[in-house]
Structure formats: structure tokens, C-alpha cells
Amino acid sequence: MSSATTKIPGAQPRARKGMRFPSFSVQIILGLVLGVLLGWLALSMGPQSPGTDGSDPVPNGLTTTLDTIGSSFVTLLKAIVPPLIFTAIVASIANLRTVTNAARLAGQTLLWFAITAAVAVAIGIGLGLVFQPGHNTTLTTAEAAEPSSTGTWLDFLNGLIPTNVLGLGADTSVEAGADGAFSAETGISFNVLQILVVALVIGIAALKSGAKADPFLAFNRSALAIVQKVLWWIIRLAPLGTMGLIGNAVATYGWESLRSLASFSLAIYVGLALVLFVVYPVVLRSNGLGVMAWFRGAWPAIQLAFVSRSSIGTLPVTQRVTERNLGVPSEYASFAVPLAATTKMDGCASIYPAISAIFVAQIFGVDLSITDYLLIAFVSVVGSAATAGLTGAMVMLTLTLSTLGLPLAGVGLLLAVDPILDMGRTAVNVAGQTLVPTVVAKREGILDLEQYRAASSENLFDDDEPEADDAAAEQAEAASSDDASDAASDGGSEDDRELAEATSRA
């Protein structure tokens with residue numbers, strides 16, 4: 001009987017072949033457009049109350065809603081970063097026996113970090129001299145203000161040595177109320193570099209422990225699978241998070257603040273565009289890699305970085321696209337991408353501090369020499385590692401200014417446009433964090449070229465889709481088998497009766 005190939009009239013088709021949602025990248029774009037529209041609507045509505053006695057204006061309900069949606073999404077992403085980094089790095093260390101050139105991979109990674117950073121800072125210095133941002137502004141030194149935090153050359157050591165096994169830190173701020181009472185608020189944060197160090201040490205110790213560590217490594221692999229599943233549930237909220245993040249940015253900052261720093265802002269974005277659309281493609285082509293394939297694969301992370309303004313928050317997506325879309329082995333990517341998230345910042349640590357240092361020097365009337373420009377390049381290439389324990393472009397900028405002996409108060413002049421510039425800076429940071437592991441993997445012969453050439457922004461959830469497809473297929477197959485059996489039994493019932501009657505007569 002050929003029931004396996006017989007079409008059953010009542011069989012249901014596979015559920016996933018019916019109505020389909022727009023692709024993930026299209027959902028992100030729709031969220032971006034909707035966020036801009038809602039942001040402009042919130043901006044036109046104005047604040048709920050203007051604020052009195054020097055207090056900040058109270059935002060309207062729409063702005064508050066957008067802010068809550070966007071910040072909640074970034075918080076969820078950041079919450080999954082520590083377990084993701086720890087379990088992924090321990091798993092990669094356990095697989096080091098299959099990676100014969102681990103030390104060479106690490107050296108090549110750092111080398112390409114430096115090469116691309118050097119090119120980026122050269123572009124920043126050139127644009128600073130061409131645009132003359134400090135001479136083309138209406139700001140004065142009277143508006144300068146000291147920054148709340150600064151970066152030093154000891155930050156690398158301070159950030160490298162874990163303060164606890166979890167790499168967690170706590171910051172407490174105390175504020176005095178209008179009635180004279182004090183209120184304290186404590187925030188918990190994590191240091192990615194410290195988590196990286198802890199995971200490396202534990203992974204190496206497990207590797208050296210041999211068979212005794214097998215239960216721990218098995219548990220770690222299971223934990224990694226669970227963390228990744230939770231992660232993709234969070235990432236599926238990216239379109240909604242994009243809407244909230246970009247909407248709040250438009251409603252909160254608008255574009256009014258760009259007027260007094262138009263030349264400076266233009267120089268920054270021209271530099272970021274040159275790095276992203278010229279330097280990176282040249283690096284890819286020189287290593288025999290297709291440019292459009294890289295953009296297709298890395299675009300989900302670049303998009304999210306632009307709207308979230310957080311390299312750490314984007315880290316889970318950055319690592320995912322590097323492995324899944326660009327074909328970098330997970331054993332290498334799980335080490336290189338978290339390291340890049342703390343030290344590879346062509347936007348924040350190269351383009352931005354170079355142009356900003358020239359701006360501050362010009363507005364304060366300080367002439368920079370060739371030695372100063374070389375110092376800017378040195379700080380940009382090496383300083384990102386020195387400030388790896390900290391985050392933020394302002395930390396890198398204060399390190400550059402202090403090294404050159406320029407007034408740190410100049411930082412206060414740039415705060416008004418920092419959120420708008422930070423979107424572009426973070427996008428370039430994350431783009432570089434996917435580029436270097438891809439290039440190094442290609443040069444070392446471990447890149448999956450077929451997977452790279454087939455890179456698509458829709459591949460993020462391919463690991464989930466087969467599970468659903470398989471389940472649907474099994475259900476459809478089971479239903480078909482049941483229907484086929486029922487049909488066969490119905491069709492053969494008359495023959496069975498005749499056979500029974502003949503048997504009884506005999």
C-alpha cells in the first residue's frame with residue numbers, strides 16, 4: 001500500500017507556509033520609521049510641565065513611554081551579556097584543542113585592531129584640519145565645564161583585575177533634597193573586561209583539570225544553549241526597542257543643539273562615513289572578501305548599535321551575526337567579539353577624540369604641533385585598551401585632552417550634541433567589531449566562505465526556524481499517516497467483511 005505518497009483530502013498544509021511576518025530587517029526599519037514619527041509628535045507636544053526653580057522639564061506621556069520601551073530593551077540586552085560572555089568563553093576555551101593557532105589568532109586580532117584604528121584617527125585629524133570646527137562655532141570658552149569623569153592610563157590595569165568573581169561593581173550617588181534630606185541610590189554594573197578575564201581563567205583551569213572538569217563543561221554547554229535561547233527571545237523585541245530608542249532620541253534632543261556645532265558634527269559624521277563605507281570595504285577587498293556580503297551579514301548589529309548607542313547592549317547581536325552570518329568560528333568569535341566590544345572603538349576612540357581635540361585646541365587658542373598630532377594618533381590606537389575598563393567616548397576624550405595638556409573643561413562644550421553623535425559612533429564601533437574577526441578568520445583560513453557569501457540579515461533566527469519547521473513537519477506527517485491509516489481501513493472494511501463471511505461459511 002502506498003499510503004506514504006497518497007494525497008489525503010483532509011490533510012492540513014504546514015502552518016509556516018501561510019501568512020508570514022515581514023523579515024527581521026524590514027521590522028527594524030519599520031520600527032525606526034515609526035520611532036521617528038512618534039518622536040517628532042512627542043517633540044511637537046512639548047514637555048508636560050516646563051519645570052520651575054531650575055528643575056528639569058517634566059516630559060510628556062509619549063516621551064516617557066518611548067523612553068521606557070527603549071531603555072527596557074537595552075536593559076534586557078545588557079542583562080544577558082554577563083552569562084553569555086562567561087558561558088561562551090568557557091565553552092570556547094574547552095574547544096581550544098581543536099584550534100591549533102589560538103595565540104596567533106589573538107595576535108592577529110590585536111594587530112588589526114591597531115591598523116584600522118590608525119587609519120581612522122588619521123582621517124579624524126585630516127577632517128579636523130579641513131573643517132576647522134573650533135573656528136566655525138558660536139560657542140565660547142565661558143560655556144566650558146569640567147567633565148564628571150575622566151580617563152587615565154591606569155584604567156587598563158584597574159579594569160583588567162577583577163574586583164570579584166562576577167566582575168560586578170556598585171556605584172552609589174547621594175543627592176540632597178529641597179527639604180535638606182539626603183537620598184542615596186546604588187546602581188549595579190558589570191565590567192565586560194573583568195568578566196572576560198574571569199571566564200578565561202576558569203576555562204583554562206577546567207581544560208587543565210582533565211576528566212574531572214567534564215561535568216562542569218557539560219553544564220556550561222547546557223547553560224550556554226539556554227542563555228542563547230533567552231537571548232533570541234529578547235532580540236525578537238528589537239523592532240519595538242528600536243522604535244522606543246529612536247523616538248526618545250528625537251523627542252529629547254531634536255536637532256536644535258546641532259546649530260552651534262554644525263561644523264563639528266558634520267566633520268564627525270563625514271569621518272564615520274569614510275571609515276564605514278570606504279576604509280572597511282577597502283580592508284575587505286584587500287583580503288578577498290565581498291563588501292556587500294559583509295554589509296548584509298553585519299547590518300542587523302550596525303542598525304541596533306545606531307539606535308541603542310550601546311556597544312555592550314549590542315554585543316549579543318554582534319557576536320551572533322559574526323558567527324551565524326559572517327561564518328567566523330564560534331571558538332574564535334566568542335573571544336574576539338567581547339574583547340572588541342571593550343577595546344575596538346574606531347568611532348569613539350579614533351574619529352571622535354581626534355576631531356574633538358582639534359576643536360578644543362582651536363576654541364582655546366592652542367596651537368598644536370606635529371608632536372601633538374602624533375600623540376593624538378598614539379592615544380587613539382593604544383588608549384582604547386588603556387580605557388577598556390571604562391566605557392564612553394567622553395572617557396577616551398578626556399584621556400586624549402589630558403595627554404595633550406588641553407583644558408578638560410572643553411568637554412563640556414560638546415555635551416549638547418553628544419547623544420546625536422553617539423549614534424553614528426556606536427554604529428561604526430560595532431561595524432569594526434564584526435570586521436576584524438572576519439578578516440582575521442579569512443587570513444587564517446578558518447572562515448566559512450560559503451556561509452559568508454550567503455550572509456543575510458534574515459539568518460539570525462535560522463537556528464530556531466528549523467525546530468519549528470521540524471515540529472510542524474512531524475505533526476503534518478503524523479496527521480497524514482493517521483489519515484492514511486483511517487482511509488485504508490475505511491476502504492478495506494468491505495473486503496474484511498466478505499473475508500469474515502467466507503471464513504464463517506467454511
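Trp-294 touches Leu-276, Tyr-280, Leu-284, Ile-302, Leu-326, Ala-431, Thr-434, Leu-435 and Tyr-452, leaving aside residues up to four places away in sequence; contact here means heavy atoms within 4.5 Å. The model is predicted, with local features requiring pLDDT of at least 70 and side-chain atom pairs counted only at pLDDT 80 or more, while totals for chains, interfaces and linings use all residues. Residues are numbered from 1 along each chain as its sequence is written, and side-chain values use heavy atoms, with hydrogens and water left out.

**Nonpolar cores**

Trp-294 also belongs to the largest nonpolar core, which has 91 residues; Phe-264, Tyr-280, Trp-294, Tyr-352 and Ile-376 touch the most other members. Helix α12 (residues 347-363) gives the most to this core, with twelve residues. A second, separate core of 27 residues includes Leu-224, Leu-304, Val-321 and Val-430. A nonpolar core is a set of buried Ala, Val, Leu, Ile, Met, Phe, Trp, Tyr and Cys residues joined through side-chain atoms within 4.5 Å. Buried denotes under 20% relative accessible area, exposed over 50%, and partly exposed the range in between (1.4 Å probe, protein chains only).

Phe-359 is placed in helix α12 and is buried, with a relative accessible area of 0%. Not counting residues up to four places away in sequence, Phe-359 touches Pro-133, Gly-134, Thr-137, Leu-261, Phe-264, Leu-413 and Leu-414. Phe-359 and Leu-414 are 55 residues apart in sequence, and their C-alpha atoms lie 9.6 Å apart in space. Thr-400, in helix α14 (residues 393-404), is likewise buried at a relative accessible area of 0%. Beyond residues up to four places away in sequence, Thr-400 touches Pro-353, Ala-357, Ile-376 and Val-379.

**Overall fold and surface**

The protein contains 18 helices and two strands; helices (H or I, at least four residues) and strands (E, at least two) are DSSP runs, numbered from the N terminus. Of its 506 residues, 47% count as buried. Among contacts between residues at least 6 apart in sequence, 82% join residues at least 24 apart. The accessible surface comes to about 24,100 Å², of which 62% belongs to carbon and sulfur atoms, by the Shrake-Rupley method with a 1.4 Å probe; for residues, only the protein chains shown count as cover.

Helix α7 (residues 238-253) has 16 residues, which at 1.5 Å a residue should span 22 Å, and its end C-alpha atoms are 22 Å apart, in agreement. The expected span is 1.5 Å times one less than the number of residues. Helix α7 is mostly covered, with 13 of its 16 residues buried.

On the surface, Leu-274, Phe-277, Val-278 and Val-282 form a nonpolar patch with about 350 Å² of accessible area together. Such patches are made of residues with over 30% relative accessible area and no salt bridge; like charges are joined within 9 Å, and nonpolar side chains (Val, Leu, Ile, Met, Phe, Trp, Tyr) within 5 Å. Leu-274 lies in helix α8 (residues 262-286) and is partly exposed at 32% relative accessibility.

**Salt bridges**

Side chains of opposite charge can pair when their charged atoms come close. The structure holds five salt bridges, each defined as a side-chain nitrogen of Lys or Arg within 4 Å of a carboxyl oxygen of Asp or Glu.

| Salt bridge | N to O distance |
|---|---|
| Glu-444 and Arg-104 | 2.9 Å |
| Lys-344 and Asp-346 | 2.8 Å |
| Arg-425 and Asp-418 | 3.0 Å |

Glu-444 and Arg-104 meet in a salt bridge that links distant parts of the chain: Glu-444 is in the loop between α15 (418-443) and α16 (449-453), and Arg-104 is in helix α3 (residues 102-131), 340 residues apart. Glu-444 counts as buried at 16% relative accessibility. Lys-344 and Asp-346 are both buried. Arg-425 is buried at a relative accessible area of 1%, and Asp-418 is buried at 13%. Arg-309, Asp-418, Asp-422 and Arg-425 are linked in a network of salt bridges.

Most residues other than glycine have a negative phi. Arg-309, a residue other than glycine, has a positive phi near 60°; Arg-309 lies in the loop between α9 (291-308) and α10 (311-325) and is partly exposed, with a relative accessible area of 31%. Gln-132 has a positive phi of about 45° although it is not a glycine. Gln-132 is placed in the loop between α3 and α4 (155-160) and is partly exposed at 24%.
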